[in-house]
Amino acid sequence: MEQPKKEAKTKAAAPTAADSASGKKSTSQADWGHMARRKFALWSVFGFLAACTAATVKFFYPQVLLEPKTRFSVGYPSDFGFGVSTKFQQSNRIWVVRDSSSLYVIFANCTHLGCTPDWNEAENKFKCPCHGSGFDTEGVNFEGPAPKPLMRVQVELDSEGRIVVDRSKLFEQDQWKEPGAFLLI
Ligand code: FES
């Protein structure tokens with residue numbers, strides 16, 4: 001009378017193979033699926049939090065301006081020989097020009113459509129690569145479509161005798177004799 005009960009227990013303990021064959025999910029398969037869903041949900045939350053953190057940091061982090069300073073020193077008058085210096089063309093878009101009695105700074109901005117001309121030493125002129133305007137060493141236009149001379153930039157000496165350029169103050173040709181448009185050397 002005891003024997004049939006034991007057989008019933010054995011059948012209940014080992015149903016896995018039979019169940020799989022009949023299409024039922026085993027306990028371990030169900031656990032695996034559950035864990036995968038949990039992992040996915042967890043990573044989604046992490047991703048969302050990371051995106052929020054990055055956005056917050058970007059919002060509060062000070063924006064870096066890559067524009068060059070408008071007021072800066074270019075060195076001492078003795079650093080410049082006679083003629084055109086292109087040393088600050090790339091960094092500050094200016095040329096420092098020294099003649100027999102003065103030093104002035106030209107804004108390297110073509111008065112036609114704003115391209116940056118190049119200094120052509122062989123031809124002793126500034127030449128705009130965009131539409132061919134030419135300017136002499138004083139910045140006066142003499143060829144091409146540029147309607148007027150290049151602008152000059154304010155210059156002054158600081159207390160230590162260095163040349164300080166302020167590119168926010170520009171001089172048209174009729175202002176070139178005004179204080180600040182040049183330095184007497
Ligand atoms: S922008 Fe210089 S010639 Fe046109």
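This is a predicted model: local features need pLDDT of at least 70, side-chain atom pairs count only at pLDDT 80 or more; totals for chains, interfaces and linings use all residues.
Tutor: Two strands pair if DSSP finds at least two bridges between them. Strands here are DSSP runs of E, at least two residues, numbered from the N terminus.

Student: What does β2 do with β3, then?

Tutor: Strand β2, residues 83–85, pairs with β3 in the antiparallel sense, over three bridges. S85 has V96 of β3 as its bridge partner. Residues are numbered from 1 along each chain as its sequence is written.

Student: How many bridges join β3 to β4?

Tutor: Five, and the two strands run antiparallel. They form a hairpin with three residues between them. V96 has V105 of β4 as its bridge partner.

Student: What else is V105 in contact with, C-beta atoms placed from the backbone and within 7 Å?

Tutor: Leaving aside neighbours within four places in sequence, V105 touches I94, V96, R152, V153, V155 and V165.

Student: Is β3 mostly covered or open?

Tutor: Covered. Four of its five residues are buried, with 20 or more other C-beta atoms within 10 Å of their own, placed from the backbone.

Student: Which residues have the most contacts inside the largest nonpolar core?

Tutor: I94, W95, V105 and I106, in a core of 23 residues. β3, β4, β9 and β10 each give two or more residues to this core. Such a core is a set of buried Ala, Val, Leu, Ile, Met, Phe, Trp, Tyr and Cys residues joined through C-beta atoms within 7 Å.

Student: New topic. What is the mean pLDDT?

Tutor: 85, and 78% of residues reach 70 or more. Over residues 6–14, pLDDT stays under 50, and the model has zero contacts there beyond four places in sequence.

How values were computed. A residue is buried if 20 or more other C-beta atoms lie within 10 Å of its own, exposed if 12 or fewer, and partly exposed in between; C-beta atoms are placed from the backbone. Two residues are in contact if their C-beta atoms, placed from the backbone, lie within 7 Å. pLDDT is the predictor's confidence in each residue, from 0 to 100.
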